[in-house]
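Q: Please take a close, connected look at a single part of this structure, and give the cut-off behind each term where it is used.

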Amino acid sequence: MKINPTQIEQFIASQLHSIKVVLVYGPNTGLVSVRAKGMIHKVIGQVDDPFRMATMTFDSIKDDPARLADEMGAISMMGGRRLIRITNALPSLSKPIQEVLEQVKTDALIVIIAGDLPPKSTLRSWCESQPHAAALACYQEEGAALRKVIEDELGSKGYKISADAVTYLQQSFSGDRLQALSEIEKLITYKGSEKLIQLHDAQAVVGDAAEATLDDLAVAVMKGEHAQVQTMLSRLFYEGMQPIAVIRAVLRYVNRLLEARCSIEQGISAKDAIARMKPPIFFKYAPQFQIQIQRWKAATLIKVVRSLVQTEKMCKETGMPAALLCQQILMNIALKANPVGRNV
């Protein structure tokens, strides 16, 4: 079955007992991790219980499919339902999963962790179509969804936050759940016993929290800062950021440039074009954004959008290393950016 993102918490709380396989996937690696841990806590109570949980990788199952059957058939020494966590999953995992479920009769739960998967992925399609399986998509959290994460997390700790401070945090976070939770935790530590968080508090703690955020990377790409792009990419990949999430972040930024540039080419001033944008451009990036909409022509931005979309498709379908494809397209775009100010 396919679980709507708004129903995931309810699903984990009340439906896991009737499910044999759960696929947790998507570009929001932080949220994937949070959801997986939530299910582990629900089923066995603690993440590191060696008697009730086994962790396997996709490669280990591919090399020795019988290991999965062994883990599924094992009996917990201390009683209770067992859980098998499978990491770094690829679409071809659907076949050994189906075979094991046909061979082994057990109440163990398989939690599959994967990156972004296209709708036609065999693993995703199978989990969405089976009554005893479920697929949980974890996309980048933006807008109202990200605002709810911020307010709920602070509220659960007894804190209140002003509207302008929430807006600042929304614009500062990359959309990854773990990054947001980490920054919120630092903010709580900073405030201590003072329970009202205001804009100046958020700016003091989060302002320069992450030098290599996805937004910073997108700005650097369109500015043509080749060395900075390479450094940021290396850091993001080291921290576990998925290449497709990086591509999509740059694509969102380029689409916003294109929106503003089209307005300019229709006779609207750059200042008015930016003022009309919803949501507004984060003030940190506004000066560079204005420079870039003057330098990049709409026709060129359309080509950039197409190249990013094509690269994302290649990451999903060709089997080529996604990180390498991501690096190549971003460096190619950065090379198109004219460092001396002539329109591109």
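A: What follows concerns aromatic pairing and the helix surroundings that go with it. The model is predicted, so local features are given only where pLDDT is at least 70 and side-chain atom pairs only at pLDDT 80 or more, whereas totals for chains, interfaces and linings use all residues. Residues are numbered from 1 along each chain as its sequence is written, and side-chain values use heavy atoms, with hydrogens and water left out.

Searching the whole structure gives 1 aromatic pair, where rings of Phe, Tyr and Trp (its six-membered ring) pair if their centres lie within 6.5 Å, and planes under 30 degrees apart count as stacked, over 60 as edge-to-face and the rest as tilted. Because Tyr 253 belongs to helix 13 (residues 243–265) and Phe 289 to helix 15 (residues 286–295), the pair ties together parts 36 residues apart in sequence; helices here are DSSP runs (H or I, at least four residues), numbered from the N terminus.

Both Tyr 253 and Phe 289 are buried, a term that means under 20% relative accessible area, with exposed over 50% and partly exposed in between (1.4 Å probe, protein chains only).

Helix 13 also holds Ile 264, which counts as buried because its relative accessibility is 17%. Apart from neighbours within four places in sequence, Ile 264 contacts Ser 269, Ala 270, Ala 273 and Ile 293, contact meaning heavy atoms within 4.5 Å. Between the C-alpha atoms of Ile 264 and Ser 307, which are 43 residues apart along the chain, the separation is 23 Å.

Definitions and conventions. Helix = DSSP H or I, 4+ residues; strand = E, 2+ residues; numbered from the N terminus.
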